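Me: I would like to learn how to read a few features of a model, one at a time. Please give me the general idea in each case and then the example.

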Amino acid sequence: MSNLQARLLSLHNRERATVGVPPLAWDAGLAAAAAGYGPELARRGRLAHSAQATRPGQGENLWMGTRGAYQLEEMLGGWAEEKRLLRPGTFPEVSSSGHWSDVAHYTQMIWRSTARVGCALHRSRRWDFLICRYSPPGNVVGQRVF
């Protein structure tokens, strides 16, 4: 496992430990799938989730920022900060703001039944894109977050 992969896995598992859910395992196949989507994001120059049909059985978190300006901890930290709006309960009724999308990155990170993660960092001329894929996917309507 590369240093980048180890750091990404550790950051995810640190968040999972805070809510008492099992740690994730790194999945090279998910990482490869995430890496395959990086060029599409770079071409678009903006964030847009990949089509569900292109990633069956995978959840997805995306991040974008100025190339070279952010550390991994800051990238994932933005997702983790969503926990301040989390209201434990059944998805999608889990955000104190009333909008499930305000906590969806965080809930995917800590979703109890998610067991594997794979991420890729794609750099374009202007932007860095972090793509993480999760299996089984989280944010399942009608299920408890953790």
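Me: Is serine 95 buried, partly exposed or exposed, and why does it count that way?

Reply: The classes rest on relative accessible area, where buried means under 20%, exposed means over 50% and partly exposed lies in between, with a 1.4 Å probe and protein chains only. Serine 95 has 3% relative accessibility, and therefore it counts as buried. The model is a predicted one, in which local features need pLDDT of at least 70 and side-chain atom pairs count only at pLDDT 80 or more, while totals for chains, interfaces and linings use all residues. Residues are numbered from 1 along each chain as its sequence is written, and side-chain values use heavy atoms, with hydrogens and water left out.

Me: Where does serine 95 sit, and which residues does serine 95 touch?

Reply: Serine 95 is placed in the loop between helix 3 and helix 4, where helices (H or I, at least four residues) and strands (E, at least two) are DSSP runs numbered from the N terminus. Contact means heavy atoms within 4.5 Å, and, not counting residues up to four places away in sequence, serine 95 touches Leu85, Arg87, Trp100, Asp102 and Val103. Serine 95 and proline 136, which are 41 residues apart in sequence, have their C-alpha atoms 22 Å apart in space.

Me: What class does serine 10 fall into, and why?

Reply: Serine 10, which lies in helix 1, counts as partly exposed because its relative accessibility is 45%. The C-alpha atom of serine 10 is separated by 9.0 Å from that of proline 23, 13 residues apart along the chain.

Me: How should I read the packing of helix 1 and helix 3?

Reply: Two packed helices are described by the angle between their axes and the distance between the axes. Axes are lines fitted to C-alpha atoms, for helices over the stretch in contact, and angles run from 0 to 180 degrees between N-to-C directions. Helix 1 (residues 3–18) packs with helix 3 (residues 72–80) at an angle of about 25°, their axes being 11 Å apart. Helix 1 is therefore roughly parallel to helix 3, on a scale where angles under 35 degrees count as roughly parallel, over 145 as roughly antiparallel, 65 to 115 as roughly perpendicular and the rest as oblique.

Me: Which residues make the contact between helix 1 and helix 3?

Reply: Helix 1 contributes Leu4, Arg7, Leu8, Leu11, His12 and Glu15, and helix 3 contributes Leu72, Glu73, Leu76, Trp79 and Ala80. By class, this contact of helix 1 with helix 3 has 7 nonpolar, 1 polar and 3 charged residues; here Ala, Val, Leu, Ile, Met, Phe, Trp, Tyr, Cys and Pro count as nonpolar, Asp, Glu, Lys and Arg as charged, and the others, Gly among them, as polar.

Me: What is the order of the strands in the sheet?

Reply: Strands of a sheet pair through backbone hydrogen bonds, either parallel or antiparallel, and two strands are taken to pair if DSSP finds at least two bridges between them. Here an open sheet of 4 strands has the order 1-3-4-2, with mixed pairing. Its edge strands, each pairing on one side only, are strand 1 (25–26) and strand 2.

Me: How many bridges does strand 4 form with strand 2 and with strand 3?

Reply: Strand 2 (residues 59–66) and strand 4 run antiparallel and are joined by 8 bridges, with glycine 59 opposite tyrosine 134 and leucine 62 partnered by isoleucine 131. Strand 3 (residues 116–123) also pairs with strand 4 in the antiparallel sense over 8 bridges, where glycine 118 has arginine 133 as its partner and cysteine 119 has cysteine 132. A hairpin through 3 residues joins strand 3 to strand 4. Strand 4 (residues 127–135) is mostly covered, with 8 of its 9 residues buried.

Me: Which peptide bonds are cis, and what is the phi of asparagine 139?

Reply: Most residues other than glycine have a negative phi, and most peptide bonds are trans. The bond from phenylalanine 91 to proline 92 is cis, with omega near 15°, and the bond from serine 135 to proline 136 is cis, with omega near -15°. Asparagine 139, found in the segment after strand 4, has a positive phi near 55°.
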